[in-house]
Structures are given as structure tokens and as C-alpha cells.
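The sequence and structure are shown first.

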Amino acid sequence: MSGPGRYHLLLTVDGRPVRHGWWGREETARDKFRRWIGERGDRPGTRVTLLDEETGGVLADWPAQ
């Protein structure tokens, strides 16, 4: 893989990007997804989204819409 990774994790607060990460393995990205929720989930307006950059699909979204 030549890019940053297939699985893109995005943390936003009040719609503004605060943190990004890219991983080549879905298992690693899902682990980070859970960690970011644990670390930042208590802040109002927080959203964590896991995207598959290859398909363009959302794999997980917290809180669920």
C-alpha cells in the first residue's frame, strides 16, 4: 500500500476535525476507534467515524446517527 492506509479514523468536535489517523489493517483501526471514544467520548459534540477509503463506506460512527 503506497498511501497512508485504507482505514481512516476521524475525530470531530462540534463538526471540526480534531484528530485523524490512517491504518492498513481494519482490526487496528477498530481498536483505535474504541480507544478514541474512551479518551474523548465524554466531551460534548464529539463524533468518531471510521471510514473505508477504498470503498468510501462508513464502517462505524459514534455516537450512532
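Helices are DSSP runs of H or I with at least four residues, and they are numbered from the N terminus. In helix α1, E26 and R30 are four residues apart, so about one helical turn separates them. Their side chains meet in a salt bridge, with 2.8 Å from N to O. E26 counts as partly exposed at 27% relative accessibility, and R30 is also partly exposed, with a relative accessible area of 27%. The model is a predicted one.

**Salt bridges**

Side chains of opposite charge can pair when their charged atoms come close. Across the whole structure, a search finds eight salt bridges.

Which parts of the chain does the pair of E54 and R6 tie together? E54 sits in the loop between β3 (46–52) and β4 (57–62), while R6 belongs to the segment before β1 (7–13), so the pair ties together parts that are 48 residues apart in sequence. E54 counts as exposed, at 60% relative accessibility. R6, at 22% relative accessibility, counts as partly exposed. The cut-off that separates these two classes is 50% relative accessible area, with exposed lying over it. R6 and E54 also belong, with D52, to a network of salt bridges.

R19 is partly exposed, with a relative accessible area of 31%, and E39 counts as partly exposed at 47% relative accessibility.

**Aromatic pair**

How many aromatic pairs are there? The count comes to one. The pair is formed by W23 and W36 and is edge-to-face, with 6.2 Å centre to centre and 70° between the planes. The edge-to-face class applies because the planes are over 60 degrees apart. W23 is in strand β2 and W36 in helix α1, 13 residues apart, and the pair links distant parts of the chain. Are these two residues buried or exposed? Both W23 and W36 are buried.

How values were computed. Residues are numbered from 1 along each chain as its sequence is written. This is a predicted model: local features need pLDDT of at least 70, side-chain atom pairs count only at pLDDT 80 or more; totals for chains, interfaces and linings use all residues. Side-chain values use heavy atoms; hydrogens and water are left out. A salt bridge is a side-chain nitrogen of Lys or Arg within 4 Å of a carboxyl oxygen of Asp or Glu. Helices (H or I, at least four residues) and strands (E, at least two) are DSSP runs, numbered from the N terminus. Buried means under 20% relative accessible area, exposed over 50%, partly exposed in between (1.4 Å probe, protein chains only). Rings of Phe, Tyr and Trp (its six-membered ring) pair if their centres lie within 6.5 Å; planes under 30 degrees apart count as stacked, over 60 as edge-to-face and the rest as tilted.
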